[in-house]
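Trainee: Could you walk me through some aromatic contacts and a helix here?
Mentor: Gladly; let's look together.

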Amino acid sequence: MKVEGNVKGMMELYEASQMSIEGEDILDEAECFSSKCLNELLTCDLDPEQVRMIESTLRYPYRKSFARSLAPLSFVNDMPGVNSWIEDLLEVANRERRIVQSVHQKENHQINTWWKESGLGEEMKFARDQPLKWYLWSIAILTDPSLSELRVELVKPISLVYIIDDIFDVYGKVDELILFTGVIKRWDDACAEQLPEYMKKCFKVLSDITNDFGNIIFEKHGWNPTRFLKQMWANLCNAFLVEFQWNASGKMPKADDYLKNGIITSGVPLVLTHLFFLMGQNIANQSMDSKKEEVPLPNTILLVAEILRLWDDLGCAQDENQNGYDGSYVECYLRENQGSSYQSAREHVMELISKSWKLLNKECLSPCPFSAPFLEACVNAAKMVSLMYNYEDKHGLGLLQDHMKSLTCDHETL
């Protein structure tokens, strides 16, 4: 079958197949067929623009990546042919881009001010100091320019996830980490006085932002989720401690056990729970009054966390300021499956990621108690993962770096 004359149609078929859910064999076949055809087309005599479009579609399908969205005017570049109204469209697009860029630059200034005032960067030289990179998560998750306050607030728990990860992974001693986890679990200011200074500082900032979140949400929506937020921080620290103890003992768990714990250490459940409440979502009053220790987490959040954990553990993420070691799913899988190659382990992980995306698609297409904006935010978080954690992809990394630079340059007068 010749498909040279229908490149656009084959690309659209491939894009549509990314919305599949488990059991949709026809869409799975459509993905295999369109992928095969598009790869074959790359061996044909195509013009450079067609090659670029095909490669971009295969590497960055819109459903699963933000890479093409970050590319300047990507929607125009992907449009075949030239139209008489293209100049007007470009002018509108450029003006919109400058307005959004201006909003993001103001937010970036607010975040940098908060970060400097927190003192964490100065107190913890061993930890990552990357507020701009953390802010990109907020930009990706909350794309609506009007959600400025939410983006700024969301960066705060995101930053603390990274900082506490480095405390456990890079710097903390075992007795300090056990004490720190206990303080977070009890949320006890008196016990916090026993902590070393850098942990005291971290707990103070963590306590402040948690109380601020509770007050903001109470003022906007009429309920205070502080107890749940504290429990989420306790869950995170406990999972970090479990991971630390596995590595310290040299006895790695089974792959499934590692992944279950790794879903929590990804930080996604904690961050999206904060966002859940920020966006005005609530859980049943019965649950709010419950004395249960565990916070119920919806599958939507767990699936996003699994996608991030598996991508991170592929070994693609080479964070220049993260020198610690915290194990990986790939390593656990290879130990559990003696004789398997590294390549087969990677393929297994990619299959798990694909399965998680299908389940996430199903969650989005099925009736659920969550608002459409919150579901969109969860999907956006999953879409950003492949860009943030695939540092072998030089093109995607370049787009990320360019976008970061655009937030620090002086914006044009509108």
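Trainee: Does Phe 374 count as buried or exposed?
Mentor: Keep in mind that this is a predicted model. Buried means under 20% relative accessible area. Phe 374 has 0% relative accessibility, so this residue counts as buried.

Trainee: Which aromatic cluster includes Phe 374?
Mentor: Phe 374 belongs to one aromatic cluster. Its members are Phe 228, Phe 276, Phe 277, Phe 370 and Phe 374.

Trainee: How are the rings of Phe 276 and Phe 374 arranged?
Mentor: Planes over 60 degrees apart count as edge-to-face. The ring centres of Phe 276 and Phe 374 are 5.4 Å apart and the planes meet at 80°, so the pair is edge-to-face.

Trainee: How many residues apart in sequence are the parts that Phe 276 and Phe 374 tie together?
Mentor: Phe 276 sits in helix H15 (residues 268-278), while Phe 374 belongs to helix H20. The pair therefore ties together parts whose separation in sequence is 98 residues.

Trainee: Which residue lies over the face of Phe 228?
Mentor: A charge can sit over a ring if CZ of Arg is within 6 Å of the ring centre. At 4.6 Å from the ring centre of Phe 228, the residue over its face is Arg 227.

Trainee: What span should helix H12 have, and what distance separates its end C-alpha atoms?
Mentor: Helix H12 (residues 197-221) has 25 residues, and at 1.5 Å a residue it should span 36 Å. That agrees with the distance between its end C-alpha atoms, 36 Å.

How values were computed. Residues numbered from 1 in each chain as written. Predicted model: local features only at pLDDT ≥ 70, side-chain atom pairs only at ≥ 80, totals over all residues. Heavy atoms only, no water. Helix = DSSP H or I, 4+ residues; strand = E, 2+ residues; numbered from the N terminus. Expected span 1.5 Å × (residues − 1). Phe/Tyr/Trp six-rings, centres within 6.5 Å; stacked < 30°, edge-to-face > 60°. Buried < 20%, exposed > 50% of the residue type's maximum accessible area, 1.4 Å probe, protein only. Lys NZ or Arg CZ within 6 Å of the ring centre and 35° of its normal.
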